[in-house]
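Try each task with the model in view, then read the solution step by step.

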Amino acid sequence: MYRAGALGVLITFFLIIWATVLMPMVLFNPKPSGNGNVYSYDEKAHADPARGRRVFVREGCFYCHTQFTRLQDRGYGPLVKAGDYVFETPHQLGTARTGPDLTNEGGKFPSEWQKAHLINPRAVKPGSIMPSFSYLSDKDMNDLVAYIQTLGNGREKKVTAYVEAPEEYKLALATKTVDTNSDAAANAGRGLYIQNCAACHGMEGLGNGPNSISLEKKPANFTRPFYKQYPDDFWFYRITEGVPGTRMPRWGDGATLADPRGGILTPEQRWYLVAYLKTLSKDRDREETVDNLRQLNKVKVEQLPILTKEQWEPPSGGE
Ligand code: HEC
Ligand code: HEC
């Protein structure tokens, strides 16, 4: 009797392993997407990104950095596909995002910046909790920086916009019936906004509406200069699909294939909202930060503060 029971447990266990591990391993064979990273030797910098990748693995960067973009992400570039990783062994997907996702990090900052950041993250990002990798040899450092600069280099288009809507929303632009740059549309959007959005996002779009108090993930503050870079299709996509993992509603919910014009708010209403939200973001002048690319190009590595150990390590010996 016991034996039958034990056998049952064993069979169940192996069935689960078979279905969740072995079957996908055999059946899931994504074709190379052609978007994977390309690691070719950098003659100019005398650096080998393929070797830099091994440094990345060795130093455990993936404990804190992922390399996949998800639907709810913003600012990390276009979505990835399984086929992007066919030649990535071992893959560097990672699981935790203590630091930002690095899928499309290549070209985001100058190499000088990357190096300064790796030597002492606090020198270019005050308040960063990333550990210093100042102990890397020159060769390791150069190769690692070359690797960082290749991330995302195999995408069909060069990643210039870090905020990009899925394909179907780019197509939606063609069916747009509202002039999203007109004051009249923005005004219509404002009315809809006060009715549907202000309770969470606040009367002035600061993300501080009365409902925000009870939300763990706070509503977006549309006055941030960050939102200046949002293209129309991305606004439309966000409003239509909401933000997974937050209380932001899917305002396009209810639309069916037969009646794509359905939804809690019609596409027209959502475009009016786009026109309004676009007017809220402030200019960058009030929010210059060190990670501003234009500013960084002027920073020379020699000019960066050379901090002594005492300056960036808390004094030992008690609180
Ligand atoms: C303990 C966690 C941790 C580890 C380990 C770590 N990082 Fe970071 N990293 C962070 C955090 C937090 C940030 C965000 C703050 C900042 O930019 O310094 C960051 C930021 C970065 C950025 C800037 C990303 C951007 O677009 O702003 C890069 C590039 C980077 N890390 C590369 C690396 C590399 C390469 C390694 C391995 C040698 C590494 N990190 C290891 C936590 C970590
Ligand atoms: C129940 C509260 C709630 C309501 C109502 C609400 N939102 Fe949101 N909204 C959120 C939250 C929470 C987020 C997520 C913020 C984040 O991801 O950090 C969000 C995010 C967004 C974003 C994405 C911003 C980004 O960073 O990409 C847009 C756009 C947006 N809301 C527009 C609207 C519009 C337009 C309406 C009204 C039609 C609306 N929201 C109504 C809570 C709400």
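**Exercise 1. Get an overview**

Find how much of the protein counts as buried, and list which kinds of elements it has.

Solution. Of the 319 residues, 28% count as buried. Please keep in mind that this is a predicted model. Next, look at the elements: the protein has twelve helices and zero strands. Reading from the N terminus, the order is therefore simply α-α-α-α-α-α-α-α-α-α-α-α. Finally, consider contacts between residues at least 6 apart in sequence: 72% of these join residues at least 24 apart.

**Exercise 2. Explore the nonpolar cores**

Work out which residues have the most contacts inside the largest nonpolar core, and which helix gives the largest share of this core.

Solution. Start with the core itself, which has 26 residues. Those with the most contacts inside it are Trp-235, Phe-236, Tyr-272, Leu-273, Val-274, Ala-275 and Tyr-276. Then ask where the core residues come from: helix H7 (183-196), helix H9 (232-241) and helix H10 (267-277) each supply at least two. The largest share, seven residues, belongs to H10.

Now zoom in on Tyr-272. Setting aside residues up to four places away in sequence, Tyr-272 touches Val-178, Ala-185, Ala-188, Gly-189 and Leu-192. There is also a second, separate core of 13 residues, among them Val-55, Cys-61, Tyr-147 and Leu-151.

**Exercise 3. Classify two helix pairs**

Decide how H7 and H10 are oriented to each other, then do likewise for H2 and H5.

Solution. Take H7 and H10 to begin with: their axes come within 7 Å and cross at roughly 105 degrees. Angles of 65 to 115 degrees count as roughly perpendicular, so H7 and H10 are roughly perpendicular to each other. On the H7 side, the contact is made by Ala-185, Ala-186, Ala-188, Gly-189, Arg-190, Leu-192 and Tyr-193. H10 brings Gln-269, Tyr-272, Leu-273, Ala-275 and Tyr-276 to the contact. Sorted by class, the residues of this contact are nine nonpolar, two polar and one charged.

Move on to helix H2 (residues 49-58) and helix H5 (residues 138-150), which pack at an angle of about 100 degrees with their axes 7 Å apart. H2 and H5 are therefore roughly perpendicular to each other as well. Here H2 contributes Pro-49, Arg-51, Gly-52, Arg-53, Val-55 and Phe-56, while H5 contributes Asp-140, Asp-143, Leu-144, Ala-146, Tyr-147 and Thr-150. This contact divides into six nonpolar, two polar and four charged residues.

**Exercise 4. Visit the two ligands**

Identify which residues are closest to ligand 1 and which come nearest to ligand 2.

Solution. Ligand 1 is surrounded by 23 residues, and the closest are Cys-61, Cys-64, Gly-99, Ser-128 and Met-130. By class, this shell holds 13 nonpolar, six polar and four charged residues.

Around ligand 2 there are 21 residues, of which Cys-197, Cys-200, Ala-220, Arg-238 and Met-248 come nearest. Helix H8 (198-201) and H9 each give at least two residues to the shell of ligand 2. Its classes are 13 nonpolar, four polar and four charged.

**Exercise 5. Buried, partly exposed or exposed?**

Solution. Begin with the cut-offs: a residue is buried with 20 or more other C-beta atoms within 10 Å, exposed with 12 or fewer, and partly exposed in between.

- Ala-172 sits in helix H6 (residues 167-172). Beyond its neighbours within four places in sequence, Ala-172 is in contact with Asp-233 and Phe-236. Ala-172 and Asp-233 are 61 residues apart in sequence, yet 7.3 Å apart in space, C-alpha to C-alpha.
- Gly-207 lies in the loop between H8 and H9. The C-alpha atoms of Gly-207 and Phe-222 are separated by 7.2 Å.
- His-46 is in the loop between helix H1 (2-27) and H2. The C-alpha atoms of His-46 and Lys-139, 93 residues apart along the chain, are 9.2 Å apart.

Methods: Residues are numbered from 1 along each chain as its sequence is written. Chains are lettered from A and ligands numbered from 1 in the order in which they are written. This is a predicted model: local features need pLDDT of at least 70, side-chain atom pairs count only at pLDDT 80 or more; totals for chains, interfaces and linings use all residues. A residue is near a molecule or strand if its C-beta atom, placed from the backbone, lies within 6 Å of it. Ala, Val, Leu, Ile, Met, Phe, Trp, Tyr, Cys and Pro count as nonpolar, Asp, Glu, Lys and Arg as charged, and the others, Gly among them, as polar. A nonpolar core is a set of buried Ala, Val, Leu, Ile, Met, Phe, Trp, Tyr and Cys residues joined through C-beta atoms within 7 Å. Helices (H or I, at least four residues) and strands (E, at least two) are DSSP runs, numbered from the N terminus. Two residues are in contact if their C-beta atoms, placed from the backbone, lie within 7 Å. Axes are lines fitted to C-alpha atoms, for helices over the stretch in contact, and angles run from 0 to 180 degrees between N-to-C directions. Angles under 35 degrees count as roughly parallel, over 145 as roughly antiparallel, 65 to 115 as roughly perpendicular and the rest as oblique.
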